[in-house]
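The exercises below take a reader through one protein model. Each has a task and a solution in steps.

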Amino acid sequence: MNDAVVIIGGGPAGLFCALEAAGEGERVIVFEKKPAPARKLLVAGSGQCNITHDGEIAGFLSHYGDHGAFLRPALMNFTNRDLIAFFAARGLGMKAEPGGKVFPETRKSSDVLDVLLTECAGRGVELRRSEPVVAVERDGDGFLVRTERGVARARVLVLATGGASYPATGSTGDGYAFARALGQPVTEIAPALTPVYVADYPFADLAGISFEKAGIAVYRGGRLVRRHTGDLLLTHTGLSGPGILDLSRSILAGDVLRVTFLPEASAEAVRKRVADAIAAGGARQAKTVLSALPLPERFARRLLDLSGVSPGESCAHLGKKARSALAASVAEFPFSVARLGGFAEAMATRGGVALDGINPRSMASKTVQNLYCIGEVLDIDGDTGGYNLQAAFSTAALAARHIAGTKSSR
């Protein structure tokens with residue numbers, strides 16, 4: 001088994017790397033600790049699998065925080081168009097929604113997995129289910145991979161173990177320990193793409209109300225640290241929705257989020273718009289004026305209540321203090337962050353195998369010969385909308401291409 005390529009992790013990155021690296025006499029083994037592979041993929045997009053995003057691949061780079069530059073070679077080597085074409089050629093068409101998210105036409109994550117498994121089987125990939133890897137170590141220029149059933153020898157080792165989010169699916173951070181054991185640096189990890197829990201939250205009974213393109217400003221110690229625009233959802237315990245999930249990577253417990261509830265406008269502009277609307281409201285009820293901005297009626301009623309204004313109060317009878325409070329509540333409503341959702345709720349993991357130890361043109365370790373790291377085990381977390389799955393497939397494809405090259409050059 002000296003010539004085997006061993007991949008730890010049967011998620012989308014591991015399976016795609018396996019099928020791309022297989023063939024021409026290459027023996028590829030995938031160790032998957034769960035009885036069934038890719039359990040996290042099956043829950044992606046609520047089981048519908050938002051696999052990538054529409055548009056030019058260059059536009060993806062800004063959706064990975066500070067790590068877009070690292071991903072450029074992988075994304076350019078295997079683009080969103082390449083990913084869509086791969087599945088289309090195997091009978092699974094993809095469809096882009098108006099917002100840019102791309103789903104399989106069947107809206108089933110299981111169909112994506114079926115294609116991957118069929119390709120792996122057809123190319124001779126050995127998928128070892130229910131066989132957790134317990135330790136890895138160097139063995140000359142190769143590796144010893146110890147499982148609960150025995151020891152495998154490999155010329156190439158690929159860590160595709162995922163992150164630490166959704167641990168029930170098998171993503172429990174195993175790859176970080178394997179990387180450290182081999183001398184590969186790992187950065188501190190934390191939940192990413194996770195909801196925000198709010199202290200003294202006043203909207204618990206309004207869960208389900210959402211706002212498109214809300215403005216969200218993060219304040220820490222009274223100082224502005226980040227601004228973001230995105231869709232926001234009120235939950236029973238705080239805030240969620242794509243805008244909050246994407247921004248959660250920049251939020252800490254104790255921060256204050258100031259939310260502008262009207263779309264694509266500055267807080268100052270919204271404050272003026274609300275003040276002007278109330279001033280021109282005359283005998284109309286303040287509730288009616290706020291609902292016309294537009295704001296959901298139940299939400300408008302709650303803002304009135306929090307500002308000490310009766311729902312039936314006319315605009316003409318509002319005092320200066322009440323008008324100011326209402327304008328401020330729509331323009332910059334403050335939410336005190338109690339905590340962020342943990343790994344059980346997070347869609348991704350922030351941190352992981354340090355990028356400065358990985359060659360972005362091959363996904364190979366810069367210090368450990370024949371070691372590759374792909375997918376979410378890397379210190380990469382993208383925005384919601386298919387960016388993380390695209391990164392998984394792209395890093396897998398690039399690693400497989402380089403692995404095939406190393407075999408042919410031996």
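**Exercise 1.** In which loop is the place of Met 363?

Solution. Met 363 sits in the loop between strand E18 (348-350) and strand E19 (371-373). Helices (H or I, at least four residues) and strands (E, at least two) are DSSP runs, numbered from the N terminus. The model is a predicted one: local features need pLDDT of at least 70, side-chain atom pairs count only at pLDDT 80 or more, and totals for chains, interfaces and linings use all residues. Residues are numbered from 1 along each chain as its sequence is written, and side-chain values use heavy atoms, with hydrogens and water left out.

**Exercise 2.** Describe the protein as a whole.

Solution. 
- Step 1: the protein has 12 helices and 19 strands.
- Step 2: its C-alpha trace spans about 85 × 45 × 35 Å along the principal axes.
- Step 3: of the 410 residues, 54% count as buried. Buried means under 20% relative accessible area, exposed over 50%, and partly exposed in between (1.4 Å probe, protein chains only).
- Step 4: among contacts between residues at least 6 apart in sequence, 72% join residues at least 24 apart. Contact means heavy atoms within 4.5 Å.

**Exercise 3.** Which residues of helix H4 (residues 80-88) are buried, and why are they on the same side?

Solution. 
- Step 1: the buried residues are Asn 80, Leu 83, Ile 84, Phe 86 and Phe 87.
- Step 2: these residues lie on the same side of H4 because they cover an arc of only 155° around the axis. The arc is that of the directions from the helix axis to the C-beta atoms.
- Step 3: at the N-terminal end, H4 is capped by Thr 79, with a side-chain oxygen 3.2 Å from the backbone nitrogen of Arg 81.

**Exercise 4.** Is Asn 80 buried or exposed, and what does Asn 80 touch?

Solution. 
- Step 1: Asn 80, in helix H4, counts as buried at 1% relative accessibility.
- Step 2: a polar atom of the Asn 80 side chain lies 2.9 Å from the backbone oxygen of His 53.
- Step 3: not counting residues up to four places away in sequence, Asn 80 touches Thr 52, His 53, Asp 54, Gly 55, Ile 57, Phe 60 and Gln 390.

**Exercise 5.** Which members of the largest nonpolar core touch the most other members?

Solution. 
- Step 1: a nonpolar core is a set of buried Ala, Val, Leu, Ile, Met, Phe, Trp, Tyr and Cys residues joined through side-chain atoms within 4.5 Å.
- Step 2: in the largest core, which has 85 residues, the members touching the most others are Ile 51, Phe 87, Leu 157, Met 363 and Leu 378.
- Step 3: helix H12 (residues 387-408) gives the most to this core, with 11 residues.
- Step 4: a second, separate core has 45 residues, including Ile 251, Leu 257, Leu 326 and Ala 327.
- Step 5: leaving aside neighbours within four places in sequence, Phe 87 is in contact with Ile 51, Leu 92, Met 94, Val 112, Val 115, Leu 116 and Phe 393.

**Exercise 6.** How do helix H1 (residues 12-21) and helix H5 (residues 109-122) cross?

Solution. 
- Step 1: the two axes come within 9 Å and cross at roughly 35°. Axes are lines fitted to C-alpha atoms, for helices over the stretch in contact, and angles run from 0 to 180 degrees between N-to-C directions.
- Step 2: H1 supplies Pro 12, Leu 15, Phe 16, Ala 18 and Leu 19 to the contact, and H5 supplies Leu 113, Leu 116, Leu 117, Glu 119 and Cys 120.
- Step 3: Glu 119 is buried, with a relative accessible area of 16%.
- Step 4: the side chains of Glu 119 and Arg 90 make a polar contact (3.1 Å). A polar contact is a pair of N or O atoms within 3.5 Å; within protein, one must be able to donate a hydrogen and the other to accept it, and residues adjacent in sequence count only if both atoms are side-chain atoms.
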